[in-house]
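These notes are meant to be read beside the sequence and the coordinates. Please take the numbered points in turn, with the model open.

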Amino acid sequence: MTVITLISSNKCFGGLQKIYSHKSKELDCEMKFAIFLPAAAEDAKLPVLYWLSGLTCNETNFIQKSGAQRYAAEQGLIVVCPDTSPRGVNLPGEEDSWDFGSGAGFYVDASKDPWSKHYKMFSYITQELIDVVHNNFPTIPDKQAIAGHSMGGHGALICALKNPGLYKSVSAFAPICNPIKCPWGVKAFTGYFGETDKDEWKNWDATELVTGYNGPPLELYIDQGSEDSFLKDGQLLPHNLVEACKAAQFPCVLNMREGYDHSYFYVASFIGEHISYHASHFK
């Protein structure tokens, strides 16, 4: 069993908001994750919602800014928030830009050196972290969901689409929906996979993955603010994903939120709806 080390613990809406660290075998470095344990976790096993944060974030952004603990306590959900990339692995260029390297793992398994040794966030999120959580906390292994924001929204979508049946539900706030066609995605995928194998890029793009999905019924529940500057800059491309879902007859809901931007003020405004959405899939 993986040894986890408690970093902090705070009482929150009757439960406990904690942060732990552990040595990741998958990423070959020390990693941190936050976990909210509602009061109900003292007496029963509970479902788990995994939250993936966006560019420049770490395990603390969501727990400090979203207000999700109130709703998780009401619904009886454990919420787990991992970091967004390996840290301190001393790769050349890992700290050079805010949208690649540290804080920008894109939740993929890199295949290009030198990133391939450490940057395997997909395997970490969908395998190792799940094992760590189930082995250390009172969870129900077959009741888990995944959600995220921006780069983390992209991560949530691909984790669900590439692992049919692993998650009961998936939702995303302002996700990067078609990374092979936006500047952020092209930069990240060129670095993590190289420029030549564009077919490999498609394996990490939700808009491409919906066409080949073969598994239990799954709905993509997507939230998007109308005044999001990254929507206007062509980084997010939600309508590409919606059109791909229509063509593939894949269930997809796009909630356009009038006047909202890309910030955590927006996430906090609707996180209660998302947590209720996931809770409904556990009943």
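1. Phe13 sits in the loop between β1 and β2, and its phi is near 50°, a positive value in a residue other than glycine. Helices (H or I, at least four residues) and strands (E, at least two) are DSSP runs, numbered from the N terminus. Because its relative accessibility is 45%, Phe13 counts as partly exposed; here buried means under 20% relative accessible area, exposed over 50%, and partly exposed in between, with a 1.4 Å probe and protein chains only.

2. The model is predicted, so that local features need pLDDT of at least 70 and side-chain atom pairs count only at pLDDT 80 or more, whereas totals for chains, interfaces and linings use all residues. Residues are numbered from 1 along each chain as its sequence is written, and side-chain values use heavy atoms, with hydrogens and water left out.

3. Gln249 belongs to the loop between α9 (238–248) and β9 (252–257), and it counts as exposed because its relative accessibility is 75%. Most residues other than glycine have a negative phi, and most peptide bonds are trans. The peptide bond from Asp113 to Pro114 is cis, with omega near 0°, and Pro114 lies in the loop between β5 and α3 (121–136).

4. On the scale of the whole chain, there are 10 helices and 9 strands. The radius of gyration is 18 Å, which agrees with the value near 19 Å that a compact globule of 283 residues would have; this radius is taken over C-alpha atoms, and the globule rule is 2.2 Å times the number of residues to the power 0.38. Of the 283 residues, 58% count as buried. Among contacts with a separation of 6 or more, 72% join residues 24 or more positions apart, where contact means heavy atoms within 4.5 Å.

5. Helix α2 (residues 68–75) has Ala68, Gln69 and Ala72 as its buried residues. These cover an arc of only 95° around the axis, which puts them on the same side of α2; the arc is that of the directions from the helix axis to the C-beta atoms. Their cover includes β1 (4–12), β2 (15–24), β3 (29–37), α1 (61–65), β5 (78–82) and α10 (264–280). Just after α2, Gly76 takes a positive phi of about 70°.

6. Val80, in strand β5, is buried, with a relative accessible area of 0%. Leaving aside neighbours within four places in sequence, the contacts of Val80 include Phe33, Ala34, Ile35, Val48 and Leu129. The C-alpha atoms of Val80 and Leu129 are separated by 9.3 Å, although these residues are 49 apart along the chain.

7. Which residues does Ala147 touch, not counting those up to four places away in sequence? They are Leu49, Tyr50, Trp51, Leu52, Gly152, Ala156, Ser171 and His278. Ala147 is placed in strand β6 (residues 139–149) and counts as buried at 2% relative accessibility.

8. Ser150 is found in the loop between β6 and α4 (151–161), and it is buried, with a relative accessible area of 4%. Beyond its neighbours within four places in sequence, Ser150 is in contact with residues including Gly54, Phe173, Trp184 and His262.
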